[in-house]
Amino acid sequence: MTMSSCRTRFLVVGATSGLGWHLAQSFVFRGASVLAAGRRADRLRALHSRLHAAKAQGTIFINPADVMRPATLAALVSAALETWGGLDCVVYASAIYSPSSFEPSSLARWRESFDTNFWGFHYLVTEMATRVPNRPMHLIAFTSSLALHGESESTAYGLSKCLLEAYVTRVDMVLAQERIHLHILDPGPFRSEMNPLCEVPACAASNAMADAIWALISACPVEPPSRSARVRR
Ligand SMILES: NC(=O)c1ccc[n+]([C@@H]2O[C@H](COP(=O)([O-])OP(=O)(O)OC[C@H]3O[C@@H](n4cnc5c(N)ncnc54)[C@H](OP(=O)(O)O)[C@@H]3O)[C@@H](O)[C@H]2O)c1
């Protein structure tokens, strides 16, 4: 499939359900190029078929990946570079909510929460900063009102989000001079695999988040490819 080099190029991680699933579609309907990732290959194929059938304006590519395995995140960035020559925006929607108490038996779940909700994002920031040539670039993560408040069983999830918030604030300051911009957004509660009883549909949250992400990118637009890059493509 041929890719348009002037489209915004997104990597959406956690695109197999909930917010990431809707955001990936929204970006493609708005004409962007999207590489969608998550562990469930069948869900990624369903996303691809859906957008193909709808004859969406942009393009969708899919690539299974487990954020707990840094090598698969590096492979995602490689795939984007090989296909597009660059990557403008990473949207990190992968997360787990794993109820966990203060017991030794919960340690593995605490670790899984931090690996999925925080470390995967850090690996992607590192990969992007060291390997992707184009600037500016944007990396988006999501936090939650449970970061600081909530039932005791949400402590590991909440702390992973606290760390993510602090990380985005701190690392954005460090990388801003390189025109690498980190952002954190709070979508508010919505219904998803993680939060199945919520009344707010995921598409409502995703519409607001898609608008917010486009606004962030527009405020600091991605540069068109250079003349020589255009000729190469
Ligand atoms: N739902 C809410 O009420 C709410 C409120 C505030 C903030 N948020 C935040 O919004 C974001 C999206 O949440 P959601 O509610 O849409 O969640 P969701 O429907 O449960 O989706 C979570 C996504 O994370 C992916 N994921 C989990 N473990 C992974 C792994 N090891 N490797 C790769 N992907 C993995 C899942 O894909 P696979 O299982 O296929 O890998 C899935 O695509 C999260 O950051 C969440 O914390 C949600």
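**Briefing: helices, core and ligand shell**

Helix 5 has the buried residues A156, Y157, G158, S160, K161, L164 and V168. The model is a predicted one.

**Helix 5**

- Helix 5 runs over residues 155-175, and its 21 residues should span 30 Å at 1.5 Å a residue.

**Helix 3**

- Helix 3 covers residues 70-84, and its 15 residues should span 21 Å at 1.5 Å a residue. Its end C-alpha atoms are 21 Å apart, in agreement with that figure.
- In helix 3 the buried residues are L73, L76, V77, A80 and W84. Viewed down the axis of helix 3, these buried residues fall within an arc of 90°, so they line one face of the helix.
- The exposed residues A71 and E82 sit on the face of helix 3 turned away from its buried side.
- Among the elements that cover the buried residues of helix 3 are strand 1 (9-13), strand 2 (33-38), strand 3 (59-64) and helix 4 (107-131).

**Nonpolar core**

- In soluble globular proteins, nonpolar side chains tend to be buried together.
- In this model, the largest nonpolar core has 57 residues. The residues with the most contacts inside that core are V12, A24, A36 and V90.
- Leaving out residues up to four places away in sequence, V12 touches G20, L23, A24, V34, A36, A37, V91 and A93.

**Ligand shell**

- The ligand is surrounded by 29 residues, and the closest are G18, R39, A95, S192 and M194.
- Helix 1 (residues 18-29) supplies the largest share of this shell, with 3 residues.
- By type, the shell around the ligand divides into 13 nonpolar, 11 polar and 5 charged residues.

**Backbone features in loops**

- The peptide bond from R135 to P136 is cis, and its omega is near -5°. P136 is placed in the loop between helix 4 and strand 5.
- K55 is a residue other than glycine, yet its phi is positive, near 50°. K55 belongs to the loop between helix 2 (41-53) and strand 3. K55 counts as exposed because it has 6 other C-beta atoms within 10 Å, and the limit for exposed is 12 or fewer.
- R179 is not a glycine either, and its phi is positive at about 60°. R179 lies in the loop between helix 5 and strand 6. With 13 other C-beta atoms within 10 Å, R179 is partly exposed.

**A212 in helix 6**

- Is A212 buried or partly exposed? A212 has 15 C-beta neighbours inside 10 Å, so A212 counts as partly exposed.
- A212 is part of helix 6 (residues 202-219).
- A212 and P187 are 25 residues apart along the chain, and their C-alpha atoms are separated by 10.0 Å.

Definitions and conventions: Residues are numbered from 1 along each chain as its sequence is written. This is a predicted model: local features need pLDDT of at least 70, side-chain atom pairs count only at pLDDT 80 or more; totals for chains, interfaces and linings use all residues. A residue is near a molecule or strand if its C-beta atom, placed from the backbone, lies within 6 Å of it. Helices (H or I, at least four residues) and strands (E, at least two) are DSSP runs, numbered from the N terminus. Ala, Val, Leu, Ile, Met, Phe, Trp, Tyr, Cys and Pro count as nonpolar, Asp, Glu, Lys and Arg as charged, and the others, Gly among them, as polar. The expected span of a helix is 1.5 Å times one less than its number of residues. A residue is buried if 20 or more other C-beta atoms lie within 10 Å of its own, exposed if 12 or fewer, and partly exposed in between; C-beta atoms are placed from the backbone. The arc is that of the directions from the helix axis to the C-beta atoms. Two residues are in contact if their C-beta atoms, placed from the backbone, lie within 7 Å. A nonpolar core is a set of buried Ala, Val, Leu, Ile, Met, Phe, Trp, Tyr and Cys residues joined through C-beta atoms within 7 Å.
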